[in-house]
Amino acid sequence: MKQTILVTGGTGFIGSHTTVELQEAGYNVVIVDNLSNSKIEVLDGIEKITGIRPAFEKVDLENKEATEAVFQKYPNIEGIIHFAASKAVGESVEKPLMYYRNNVVSLINLLELMPKYGVKGIIFSSSCTVYGQPKPENLPVTEDAPHQKATSPYGNTKEINEQIIYDYIHSGVNIKSIVLRYFNPIGAHPSAHIGELPNGVPNNLIPFVTQTAMGIREQLTIFGNDYNTEDGSCIRDYIYVVDLAKAHVAAMTRVLEANADAIEYFNIGTGQGNSTLEIVNTFERATGVKLNWKFGPRREGDIEKIWGDCTKANKVLGWRADTPLEEVLRTAWKWQEKLRADGIM
């Protein structure tokens with residue numbers, strides 16, 4: 001019998017791609033999402049790719065009773081992949097309490113319900129933000145790199161949630177967890193049936209790039225040209241969302257089947273950094289589309305440069321992100337063209 005996985009935030013960008021990979025790996029998937037930053041039509045895209053429409057429940061995980069009702073309705077859930085969270089750095093600076101309530105309470109509710117309903121393990125969607133701005137000698141960052149004070153409330157919720165999971169497992173509860181600290185997910189499924197579609201103005205770079213290329217946004221602003229990097233713009237480790245999704249399948253297999261430690265941590269990235277300006281130039285080269293862009297002032301909460309050492313995930317999970325950047329950016333543009341063709345954007 002297929003194992004059933006609960007994917008919270010499963011109609012979101014990473015959640016939808018992970019649902020596809022889980023289904024293609026033979027898992028049953030139940031999606032929980034409150035649709036605050038995604039659309040129900042994502043389920044159509046998932047079904048087109050896999051031929052399977054995942055079960056869906058519109059639930060706000062801050063509501064413990066509503067969350068428990070999901071476990072009562074689907075008693076065979078064996079694992080959870082927890083994506084559901086508010087995730088915009090800038091917005092978190094403006095609305096910190098909303099971020100703490102949404103991101104911390106939802107995790108606590110899930111953790112409390114896991115032993116009661118026999119759920120074996122949880123994959124937590126963490127972030128490289130827990131490393132803050134690493135010191136030069138700690139680049140690329142390994143899982144053992146010291147954690148710096150978070151530069152935003154969003155980043156702090158990831159740090160707090162990691163500590164909550166550690167403390168809960170350390171208390172002796174019979175569950176396992178893998179914490180995946182990922183870098184910057186980009187791109188879209190090669191079918192163009194699912195991709196990144198934030199509500200309103202995008203907070204992430206690539207949707208703003210593709211929307212500017214399409215003429216939806218008048219101009220792209222690169223925040224800061226005076227950082228201590230080769231071209232003055234910030235450096236990030238940009239990972240293809242499909243590669244990232246496959247890492248979650250590998251992690252879930254390990255949690256459910258391997259005789260692994262109760263809690264493990266993995267960096268999920270490409271292992272190399274690209275500057276914002278490099279992304280813009282590579283997009284233009286990959287698609288043949290010129291972007292209207294300018295430099296603007298630095299943005300509060302942004303980290304200057306970070307990229308990951310992903311050797312541990314490569315070896316232990318047997319996983320690697322190896323899709324070329326130009327190919328990844330072409331999938332993002334193909335997705336944007338599909339949105340235009342469908343009259344969505």
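This section describes helix packing, aromatic pairs, selected residue contacts and backbone geometry in a predicted model. Residues are numbered from 1 along each chain as its sequence is written, and side-chain values use heavy atoms, with hydrogens and water left out. Because the model is predicted, local features need pLDDT of at least 70 and side-chain atom pairs count only at pLDDT 80 or more, whereas totals for chains, interfaces and linings use all residues.

Helices (H or I, at least four residues) and strands (E, at least two) are DSSP runs, numbered from the N terminus. Axes are lines fitted to C-alpha atoms, for helices over the stretch in contact, and angles run from 0 to 180 degrees between N-to-C directions. Helix H5 (residues 96-116) packs with helix H6 (residues 153-170) at an angle of about 20°, the axes being 9 Å apart. H5 is therefore roughly parallel to H6; angles under 35 degrees count as roughly parallel, over 145 as roughly antiparallel, 65 to 115 as roughly perpendicular and the rest as oblique. The crossing of H5 past H6 is right-handed; a crossing is right-handed if the near helix is turned clockwise from the far one by less than a right angle, and left-handed if anticlockwise. Contact means heavy atoms within 4.5 Å. On the H5 side, the residues that meet H6 are Pro96, Tyr99, Tyr100, Asn103, Val104, Leu107, Ile108, Leu111, Glu112 and Pro115. Their partners in H6 are Pro153, Tyr154, Asn156, Thr157, Ile160, Asn161, Ile164, Ile165 and Tyr168. The residues of this contact comprise 14 nonpolar, four polar and one charged. Here Ala, Val, Leu, Ile, Met, Phe, Trp, Tyr, Cys and Pro count as nonpolar, Asp, Glu, Lys and Arg as charged, and the others, Gly among them, as polar.

The axes of helix H1 (residues 13-24) and helix H2 (residues 42-50) come within 10 Å and cross at roughly 30°, which makes H1 roughly parallel to H2. H1 also passes H2 in a right-handed crossing. Ser16, Thr19, Val20, Gln23 and Glu24 of H1 make the contact with Val42, Ile46, Ile49 and Thr50 of H2. By class, the residues of the H1 contact with H2 are four nonpolar, four polar and one charged.

H5 also packs with H3, the two axes coming within 10 Å and crossing at roughly 35°. This crossing of H3 past H5 is right-handed. H3 contributes Lys64, Thr67, Glu68 and Phe71, and H5 contributes Asn109, Leu110, Glu112, Leu113 and Lys116. Three nonpolar, two polar and four charged residues make up the contact of H3 with H5. Thr67 of H3 is buried, with a relative accessible area of 2%; buried means under 20%, exposed over 50%, and partly exposed in between (1.4 Å probe, protein chains only). Leaving aside neighbours within four places in sequence, Thr67 is in contact with Val59, Asp60, Leu61, Leu110 and Leu113.

A search of the whole structure finds three aromatic pairs. Rings of Phe, Tyr and Trp (its six-membered ring) pair if their centres lie within 6.5 Å; planes under 30 degrees apart count as stacked, over 60 as edge-to-face and the rest as tilted. One of the pairs, Phe71 with Tyr117, is stacked, at 5.7 Å centre to centre and 25° between the planes. Phe71 lies in helix H3 (residues 64-73) and Tyr117 in the loop between H5 and strand S5 (121-127), 46 residues apart. Phe71 is buried at 1% relative accessibility, whereas Tyr117 is partly exposed at 22%. Phe283 and Trp333 form an edge-to-face pair, with 5.8 Å centre to centre and 90° between the planes. Phe283 is in helix H9 (residues 276-287) and Trp333 in helix H11 (residues 325-341), so this pair ties together parts 50 residues apart in sequence. Phe283 is buried at 0% relative accessible area, and Trp333 is buried at 11%.

Lys294, in strand S13 (residues 293-296), is partly exposed at 40% relative accessibility. Not counting residues up to four places away in sequence, Lys294 touches Gln219, Leu220, Thr221 and Ile222. Lys294 and Gln219 are 75 residues apart in sequence and 7.3 Å apart in space, C-alpha to C-alpha.

Most residues other than glycine have a negative phi, and most peptide bonds are trans. A cis peptide bond joins Leu139 and Pro140, with omega about -10°; Pro140 is in the loop between S5 and H6. Leu35 has a positive phi, near 60°, and lies in the loop between strand S2 (28-33) and H2. Ala192 likewise has a positive phi, of about 65°, and is buried at 3% relative accessibility.
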